[in-house]
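Biologist: Could we go through this model together, one local feature at a time?

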Amino acid sequence: MTLAARSGALSDIGLHRKANEDTFVVAPPLYAVCDGMGGAQAGEVASGLAAETLAAAVAEGRPLLAAAERANAAVFRRASEDSDHSGMGTTLTAVVLAGDTGHFVHIGDSRAYLLRSGALEQLSDDHSLVGEMVRDGRLSEEEAASHPHRSILSRALGTEPLARIDEFEVDLCAGDVLLLCSDGLSGPVSAAAIRKALGRADPDDAAAKLIAEARRQGGPDNITAVVLRFEEPRPAGEEVTLVVPADEAATAVLPARDEAPDEAATALLPSRDEVPDEAPHEARDEAPGEAPDEEGAADVPAAPAAPSRSAKRRLRWLAVVLTFLTAVAFAGALTVSTVFYVGVDDGRLAIYSGLPAAFGPLQLHAVYRRSSVPYESLGPAERRLVDEQGLHTRGSIMALAGTLGMWP
Ligand code: MG
């Protein structure tokens, strides 16, 4: 059985860092969090390069561990070739969904959690000095949480030619919720608060609540959350109304549709009651004993005419569904963080990933990073830079963000 997965993801610079060195990937069936390190802009380069290499390798069909090893090689090579990036590295916690199984790879101190039946379980081990000491029994969880060396990693991606990457699988059930997060979330936010936030029905709400809670606890580091909620797939043939609310579409990824195309097509078909205008008419045509009034109608059975109209209607809806799914696939591809622009979110400047456009209810972009700089504070020239919504690569969008003073 293929479970349907709904996702929500958000990254935030936090309250004390000058840049966001976290990167997340939402490219169903792959989901990942990377937390870069290395000073200056090297951490950002490491996490971005690892995420992009991983996503490309998985898209090529490579097994997840092989894709992670390729990401390790890419980061290590860049660090070796460029003295500005010497010594950089990143954490990586990633899952690929296949049927009802989650295949994980993990290295570093980002975390994977599973909420099942109200109980929260940490699936990954922290590859940090204090994490090793906790597992050895030399330190308690409480002591580790405030240990001055808690950020020192014992393993990371990109710092050695060959990385020791953990690999494990988890059988998933309907009702399960997965969280991938950076230490900027798992550090300041208590397990109880994580459990409570993951209980929210909407994964986007859960991610936003977790980010807000980390900020409320001081936001000492960059904060990233990828939330996945698993549900039973809808039975084929079941007629339902559009199941994806607009604000969920704003994540620009609808994993359940990508992962279960048959069910997705069913889910997109409106119920007959909601087909506009012609539906009542056609429904009447199909009703037995109500043949059209035309002359000779009594000699012509009504039944043969109805399938023809019905078939045309199905074809029309099929075309709509196929167009919609194409847009969904396109939007999904965008969330690998390859295209960015600066826009305004609630009056403040933000970096968006994707295109500044919408396809019906589906927004082809999502907020990637928010700043606290109000649009109103910009001069005319700077406003023009925002208003034109030009598309950028990861590197050039950060340069534009710097020009606009989005981060101190
Ligand atoms: Mg961090």
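Modeller: Buried means under 20% relative accessible area, exposed over 50%, and partly exposed in between, with a 1.4 Å probe and protein chains only. This is a predicted model, in which local features need pLDDT of at least 70, side-chain atom pairs count only at pLDDT 80 or more, and totals for chains, interfaces and linings use all residues. Residues are numbered from 1 along each chain as its sequence is written, and side-chain values use heavy atoms, with hydrogens and water left out.

Biologist: Is serine 117, with its positive phi, buried or exposed?

Modeller: Serine 117 has phi near 50 degrees, a positive value in a residue other than glycine, whereas most residues other than glycine have a negative phi. Serine 117 sits in the loop between β7 (111-116) and β8 (119-122), strands being DSSP runs of E with at least two residues and helices runs of H or I with at least four, numbered from the N terminus. With a relative accessible area of 77%, serine 117 is exposed.

Biologist: How does glutamine 389 count in relative accessibility?

Modeller: Glutamine 389 also has a positive phi near 50 degrees, and its place is the loop between α13 (380-387) and α14 (394-403). Because its relative accessibility is 32%, glutamine 389 counts as partly exposed.

Biologist: Which residues coordinate the magnesium ion?

Modeller: Donors are N, O and S atoms within 2.8 Å of the metal (3.2 Å for Na, K and Ca), and since water is not among the atoms, sites may look incomplete. The donors follow the spacing D-x147-D-x37-D along the chain. At 2.1 to 2.2 Å, the magnesium ion is coordinated through OD atoms by Asp35, Asp183 and Asp221.
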